[in-house]
Every structure is written in structure tokens, then in C-alpha cells.
Amino acid sequence: MSFLRPELKFTEEVLHPNGSGNILAKFREKGFAVIPGVFQRDSVDGFRAQIESLVEEGESPDQPLRLESDDPILVHPAAAPRLINMLKGTFMAWNNEPHPVLFHPAWVIKPSNPDKRLVHDWHKDADHEGKSNIHGYSRPTIVHVNMYFEDMTVERGPTYAIPRSHRDPGISPYDGASEEPLICQKGDAVIWDQRLWHRGSSRIEKGVRIVAIFGFYSVPTGAERWTVNPSQKHAYMAAKSDQEKTLFGGPIDI
């Protein structure tokens, strides 16, 4: 089987500590922040065209377009060095530096001006009751990243979020809270906290709404690598359920 060679090129340089520190402070306070220049801008158009070439007509009214492919190009953006470096700062460090693990590489593909029933309304993905912040702000266990691969505008269908709703359960779209679009430029990415109230929006400009929404969690790395001893490995191989595999080998089974 032959796969596409990704046109998308990464910016290899990480951000200066002052710049990354300010972005992470905004992320913690508002619940979202833009990481600039994750991808080389002049490579983005070609990559988006590659993704569009994989889009197919859907088979049902609730899925007019679909993106079903085994091509590794669909997870290629997750390896961008500037993105990985920034994600490390969103998770709790504990004893060793955390390292992001991709667990949910989703692509949202929608036609322009879709049926209103195809547009996600306000919702949270986690911690609806605000229990994680009962003793003050806690860093998230899951962080999502939005990547649009074009200069984003409100006419092109960004995700909307309610700032600080990840920290305060009293902030709600049903009580007059203000919303903000998660907008960035071509080559940028937006990191955001799953505990935020958020919603989708429709693309009203001609074209297809393409949003890569990648979910990450962290595992510890550092001088002492996280290793699995032989007895644990044998227990994993003999596991009789998904729960046992998770217990002995982690949440991902390749």
C-alpha cells in the first residue's frame, strides 16, 4: 500500500521561554491559546489539498462528507516539535518531564452552510461539575489542539469557547457568558482545555470546513525511562479483557 508523502513542513525551532511562558499562562487562565508558527506557512496549502483529496461523499444525511483513510498523513501534524514542546508545559510535571501522547486524532469535515443539526451546540467534554478545581486550578489531564490549515475567520467555521469556564463551573453559555472564537493564522495551532464550554460553528464561506482536533494526554519521561518489567509484560500478553490490557500496558493497544 502506498501512502501520501506529507507536504506539511514543521518549524523546528521551539519558542523562546518568555514567549512559551506567556502562551501557557494564557492557556491556564483563559483555557485556550494560540501557538504561532507550528508549521511552515508555505507548506500548509499543499497539505490541506492532500487532506481534501482524501475526503469522500458520505452515505447518510448526518455525514455528508467523510474522511476514512489509514494513511499516516492524517496524524502527521502531531509530530511538530513546536507543538510537542508547548504541550509538555500544559500537563503536571510530577517527577519527570511529561511527554504528550496522541490518543484522539479526529478530523471534522463539513460542507459549507450545512443543516443546523450537523453543527455541535454548547457542550463540555469533561468535568461538568468543576470538581477538578475544587481546591484551586489544576492542570488538565487531556489537552486538545485545533488545526485549520488556513487563515481562520469567523466565516470559515471556527470552534467557539467560553473563557475561564474550565476554572469556574458557574460560567455558562446559559447564563449570559461571553464567547470567543478559536481563531489562528495558517500554520498556527490552538491548544485548549477540554473542561471549557465550547461549540462548533458553520462555514458560511464557499469551501469545506476542515478542522483537525487532536487529543493528547501525558506520560512521564526523563533520565529514567518508563519501562515494563517482564512479569508485567507477560501479564499484558495474557490479558483477557481491555481493562486488563489497560492495567498492565497502558491505554493504547497497537
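Visitor: How far apart are the mean positions of the positive and negative charges of the protein chain?
Guide: They sit 3 Å apart, taking 29 positive and 34 negative charges. Keep in mind that this is a predicted model.

Visitor: Okay, and the surface: what share of it belongs to carbon and sulfur atoms?
Guide: That share is 52%, out of an accessible surface of about 14,100 Å² for the protein chain.

Visitor: What about contacts across the sequence, how many join residues at least 24 apart?
Guide: 80% of them, if you take contacts between residues at least 6 apart in sequence.

Visitor: Let's zoom in on a helix. Which residues of α2 are buried?
Guide: In α2, which runs over residues 41-54, the buried ones are Ser43, Val44, Phe47, Arg48, Gln50, Ile51 and Leu54. They cover an arc of only 155 degrees around the axis, so they lie on the same side of α2.

Visitor: And what do those buried residues pack against?
Guide: Four strands: β2 (56-60), β3 (63-66), β4 and β10 (208-220).

Visitor: Which exposed residues are on the face turned away?
Guide: Asp42 and Ser53 are carried there, facing away from the buried side of α2.

Visitor: Switching to Ile109. Where is it, and is it buried or exposed?
Guide: Ile109 is in strand β4, residues 98-111. Ile109 counts as buried because its relative accessibility is 6%, and the cut-off for buried is under 20%.

Visitor: What is Ile109 in contact with?
Guide: Skipping neighbours within four places in sequence, Ile109 contacts Val55, Leu65, Leu67, Val208, Arg209 and Ile210. By contrast, the C-alpha atoms of Ile109 and Ala93 are separated by 35 Å, with the two residues 16 apart along the chain.

Visitor: Last one, Asn133. Where is that?
Guide: Asn133 is in the loop between β4 and β5, the latter being 143-147. Asn133 is buried, at a relative accessible area of 11%.

Visitor: Which residues does Asn133 touch?
Guide: Leaving out residues up to four places away in sequence, Asn133 touches Asp127, Ser138, His166, Arg167 and Arg195.

Terms used:
Residues numbered from 1 in each chain as written. Predicted model: local features only at pLDDT ≥ 70, side-chain atom pairs only at ≥ 80, totals over all residues. Heavy atoms only, no water. Helix = DSSP H or I, 4+ residues; strand = E, 2+ residues; numbered from the N terminus. Buried < 20%, exposed > 50% of the residue type's maximum accessible area, 1.4 Å probe, protein only. Contact = heavy atoms within 4.5 Å. Areas by Shrake-Rupley, 256 points an atom, 1.4 Å probe, with all protein chains shown as cover. Lys, Arg positive; Asp, Glu negative; His and termini not counted. Charge placed at Lys NZ, Arg CZ, Asp CG, Glu CD. Arc of directions from axis to C-beta.
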